[in-house]
Amino acid sequence: MGEQNAIVVVDDSPSVRETIAFILESEGYEVHRAVNGREGIEVIRSIHPRVVLLDAMMPEMDGFDVCRRIRADAALTDIHVVMLTTMGMEADRERAIDAGVNHFLTKPFDADEVLRLLEGLLSDDL
């Protein structure tokens, strides 16, 4: 079982990654960052967070592959995976669901939307 308030943000965009981290850290969450899918897998396996916020499109390994690897690892199956998508990527939602994504956040999103989703996911675990 992972850290109580640990969240991993995997996004190749520094502005998205740091914006989400700022929002979550200001609410007391422990945020770990990864800049691509390969690094994300390493951080996720090391930290075992409760939630992963995962960009769909990244270099080296996209979010779909990362999610499939999370779901294929018996030690990580309890992690909530939230895919970060952009407007117009609705066609990729089916691919994401097939990969094992639990929820979606569409960019741009606001702080309240992120926090409401996380509070809902984490309260389900109690």
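Colleague: Which side chain does the side chain of His-48 make a polar contact with?

Modeller: In this predicted model, the partner is Asp-78, whose side chain makes a polar contact with that of His-48 at 3.0 Å. A polar atom of the His-48 side chain also lies 3.2 Å from the backbone oxygen of Ala-75.

Colleague: And where does His-48 lie, and is His-48 buried or exposed?

Modeller: His-48 lies in the loop between H2 and S3. Its relative accessibility is 12%, and because the cut-off for buried is under 20%, His-48 counts as buried.

Colleague: Let's step back to the whole chain. How many helices and strands does the secondary structure come to?

Modeller: There are 5 helices and 5 strands, and read along the sequence they follow the pattern β-α-β-α-β-α-β-α-β-α. The radius of gyration is 13 Å, close to the 14 Å that the globule rule gives for 126 residues, so the chain is as compact as a globular protein of that length.

Colleague: What does the C-alpha trace span, and what share of the residues count as buried?

Modeller: Along its principal axes the C-alpha trace spans about 35 × 30 × 25 Å, and 52% of the 126 residues count as buried. If you take the contacts between residues at least 6 apart in sequence, 60% of them join residues at least 24 apart.

Colleague: Now the strands: in what order do they form the sheet?

Modeller: The order is S2-S1-S3-S4-S5, in an open sheet whose pairing is parallel. Strand S2 (30–34) and strand S5 (103–107) stand at the edges, and because each has a single partner strand, one side of each is left without a neighbour in the sheet. From one strand to the next, the twist averages 20 degrees.

Colleague: Over how many bridges do S4 and S5 pair?

Modeller: S4 and S5 pair over 5 bridges, in the parallel sense, and Lys-107 in S5 is the bridge partner of Thr-86. Helix H4 packs on the sheet there, touching S4 and S5, with a direction that makes about 145 degrees with that of S5.

Colleague: What about H3, which strands does H3 lie across?

Modeller: H3 lies across S3 and S4, and runs at about 170 degrees to S4. At the start of H3, a side-chain oxygen of Asp-62 reaches to within 3.1 Å of the backbone nitrogen of Phe-64.

Colleague: Which residues of H3 are buried?

Modeller: In H3, which takes in residues 63–72, the buried ones are Gly-63, Phe-64, Val-66, Cys-67 and Ile-70. They cover an arc of only 160 degrees around the axis, so they are on the same side of H3.

Colleague: And what covers those buried residues?

Modeller: The cover includes helix H2 (37–47) and helix H4 (91–99), together with strand S3 (51–55) and strand S4 (80–86).

Colleague: Last one, Leu-53: which strand is it found in, and is it buried or exposed?

Modeller: Leu-53 is found in strand S3, and it is buried, with a relative accessible area of 0%.

Colleague: What is Leu-53 in contact with?

Modeller: Leaving aside neighbours within four places in sequence, Leu-53 is in contact with Ile-7, Val-8, Val-9, Val-10, Ile-20, Leu-24, Val-82 and Leu-84. As for Val-16, which is 37 residues from Leu-53 along the chain, the C-alpha atoms of the two are separated by 11 Å.

Conventions
Residues are numbered from 1 along each chain as its sequence is written. This is a predicted model: local features need pLDDT of at least 70, side-chain atom pairs count only at pLDDT 80 or more; totals for chains, interfaces and linings use all residues. Side-chain values use heavy atoms; hydrogens and water are left out. Buried means under 20% relative accessible area, exposed over 50%, partly exposed in between (1.4 Å probe, protein chains only). Helices (H or I, at least four residues) and strands (E, at least two) are DSSP runs, numbered from the N terminus. The arc is that of the directions from the helix axis to the C-beta atoms. Contact means heavy atoms within 4.5 Å. A polar contact is a pair of N or O atoms within 3.5 Å; within protein, one must be able to donate a hydrogen and the other to accept it, and residues adjacent in sequence count only if both atoms are side-chain atoms. Two strands pair if DSSP finds at least two bridges between them. Axes are lines fitted to C-alpha atoms, for helices over the stretch in contact, and angles run from 0 to 180 degrees between N-to-C directions. The radius of gyration is taken over C-alpha atoms; the globule rule is 2.2 Å times the number of residues to the power 0.38.
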